[in-house]
Amino acid sequence: QTTLHGYVVMAKQSSESFVGHSSERPGVLVVHTGVGPHEEFLRERTRQVARQGYLAFAVDMFGIKDTMPSKAQKEALMTRFREPSAHLMRARLRSAIHALRNFSHESIKVDPLRLAAIGYCFGGTCAMELARMAEKGVRACVSFHGVLDGEPNSLDIQEIQADVLCFHGDKDPFVSQAQLERFERDMKRRNPKSLRIVRFEQCMHGFTRPDKTSPEDASSGMQYDYNASEISWSDTCALLHKALILS
């Protein structure tokens, strides 16, 4: 049995006009890259979600406390996460959703029917798998430069209950055109509440990461793009507001 070490970030106060007078807040899972949940990039993104008034839960999919996985640990984990049944990925996502639904601190609780997930790289893969799981109360799932898995990991085909939003760089070397097309086909046949795939023509992998600007990063297929990062974040905020507040 593996202990997972996620963490919660929430604003001390949320605007009453935003979440009303209820002590229940919408909850958003934030799923990390292949580096794990402890890097500063993920922490800052989690804080950004919390600043919008949501209870933000940074998920730990790896179970490696307070550090980043070694290369050997990462390879072993990714092998298991790529199992055709997606058993491990689904089990850990289900645990994360359960923890988020049942979170309580002082007078603050999470509204179990107003949940969402966003993820980066590996976390984008997880967010799309969570959409396929059709968990009750999950209203929106967003992938930023996710490693899209083409044909579904999951063997069952069920309708997606959430809005699905996917941001992809057309120069991402980790996702082929064929993979992207298979991914889009799979999403469409699951009939999500809405599906939007935003493609940035000149962008590589990791376009939301301000730390990826060196020639070495570019040679490894990763490069920050200010415009794509700003557009994708603005669109995500709009979707979360629509799905978790206005609906």
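Is isoleucine 157 buried, partly exposed or exposed? In this predicted model, isoleucine 157 has a relative accessibility of 45%, so it counts as partly exposed. The cut-offs behind that call are under 20% for buried and over 50% for exposed, with partly exposed in between.

As for where to look, isoleucine 157 sits in the loop that runs between strand S6 (138-144) and strand S7 (163-169).

Now for the whole chain. The protein has 8 helices and 8 strands. Its radius of gyration is 17 Å, and this agrees with a compact globule because one of 247 residues would come out near 18 Å. The C-alpha trace spans about 50 × 40 × 40 Å along its principal axes.

Here are some overall shares, expressed as percentages:

| Share | Value |
|---|---|
| Buried residues, out of the 247 residues | 52% |
| Contacts between residues 24 or more positions apart, out of those with a separation of 6 or more | 73% |
| Accessible surface belonging to carbon and sulfur atoms | 50% |

What about charge? Count the side chains and you get 32 positive and 30 negative ones. The centres of these two sets lie 4 Å apart.

Definitions and conventions:
Residues numbered from 1 in each chain as written. Predicted model: local features only at pLDDT ≥ 70, side-chain atom pairs only at ≥ 80, totals over all residues. Heavy atoms only, no water. Helix = DSSP H or I, 4+ residues; strand = E, 2+ residues; numbered from the N terminus. Buried < 20%, exposed > 50% of the residue type's maximum accessible area, 1.4 Å probe, protein only. Rg over C-alpha atoms; globule rule 2.2 N^0.38 Å. Contact = heavy atoms within 4.5 Å. Areas by Shrake-Rupley, 256 points an atom, 1.4 Å probe, with all protein chains shown as cover. Lys, Arg positive; Asp, Glu negative; His and termini not counted. Charge placed at Lys NZ, Arg CZ, Asp CG, Glu CD.
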